[in-house]
Amino acid sequence: MALSGKTIIVTGGARGIGDGITRHLARLGAHIIIADQVLDPAGTEHLRAQGLKVTSYEVDVTDPAQVDRLMAFAADQPEVLHALINNAGIYSNLKPTPFEELTAEQFTQILAVNVTGVFNCCKAVLPWLRDCGAGRIVNIASAVAFKGNPLMAHYVASKGAVISLTRALAREVGSQGILVNCVAPGFTLTDVVKKNEALVAGVKHSSLQTRVIKKDMLASDVAGAVSFFCLPASGFVTGQTLVVDGGAYFH
């Protein structure tokens, strides 16, 4: 129960990788604020029935006013606000698309959620973390930012921006005791991704072939890396990006 007495916000925490992160951090004793645009009340109740402390909060991370209210709500909890996990993003419903067929609207939409959403959440949480005298921000990027996967240029660009933002913000807030790091997962076979047959068909086989560890990657494989950046053991680590992809890309 290393995170007992601490509140952690997980954006996009109701499904996919976010759900795996939520479960893992809650099992370490944290009170998790599941911040998502589409909530699953039955899922939240199921976690509570297991003795895990979770609270759902509906939010659109592209709306700064909603994000401000989320952070104030989290800071008002009995447990100290300890960390923000920026996991919300567009991926599971994407279709592999040649660059010249991408529209400006598609490009702008993915940046609004995957990049501006992260910016909004980081900006809104900083005053609260600063007041605590410490705190952690963990941004979820993707290994594609290093590999430059084809047919996903808008997604690749958005995750590259998240990595760069992580580095810049770590420089700015390190002196305030706030650590900012990034986890970059490989192709993760979550329940929501499985529903996208075109994405699975285009990515799963090639991902498995390039991995040192020849198995499907699950949300639980990402969660351990995220928890490391929330624990005291990572107290001298900031500005870093940890690639978690079974050894497909060495970073």
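Buried residues account for 49% of the 251 residues in the chain, in what is a predicted model. Nine helices and seven strands make up the secondary structure of this chain. Its radius of gyration is 17 Å, close to the 18 Å that the globule rule gives for 251 residues, and the chain is therefore as compact as a globular protein of that length. Taken along the principal axes, the box filled by the C-alpha atoms is roughly 50 × 40 × 35 Å. Of the contacts in the chain with a separation of 6 or more, 71% are between residues 24 or more positions apart.

One pair of helices can be followed in detail. Two packed helices are described by the angle between their axes and the distance between the axes. For helix 4, residues 104–132, and helix 6, residues 153–173, the axes come within 9 Å and cross at roughly 20°. Because angles under 35 degrees count as roughly parallel, helix 4 is roughly parallel to helix 6. The crossing of these two helices, helix 4 and helix 6, is right-handed.

On the side of helix 4, the residues that make the contact include Phe107, Ile110, Leu111, Val115, Val118, Phe119, Cys122 and Leu126, together with Gln106 and Asn114. Helix 6 contributes, among others, Ala153, Tyr155, Ala157, Ala161, Val162, Leu165, Leu169 and Val173, as well as His154, Ser158 and Lys159.

Technical notes:
Residues numbered from 1 in each chain as written. Predicted model: local features only at pLDDT ≥ 70, side-chain atom pairs only at ≥ 80, totals over all residues. Heavy atoms only, no water. Axes fitted to C-alpha atoms, helices over the stretch in contact; angles between N-to-C directions. Helix = DSSP H or I, 4+ residues; strand = E, 2+ residues; numbered from the N terminus. Parallel < 35°, antiparallel > 145°, perpendicular 65-115°, else oblique. Left-handed = near helix turned anticlockwise from the far one by under 90°. Contact = heavy atoms within 4.5 Å. Rg over C-alpha atoms; globule rule 2.2 N^0.38 Å. Buried < 20%, exposed > 50% of the residue type's maximum accessible area, 1.4 Å probe, protein only.
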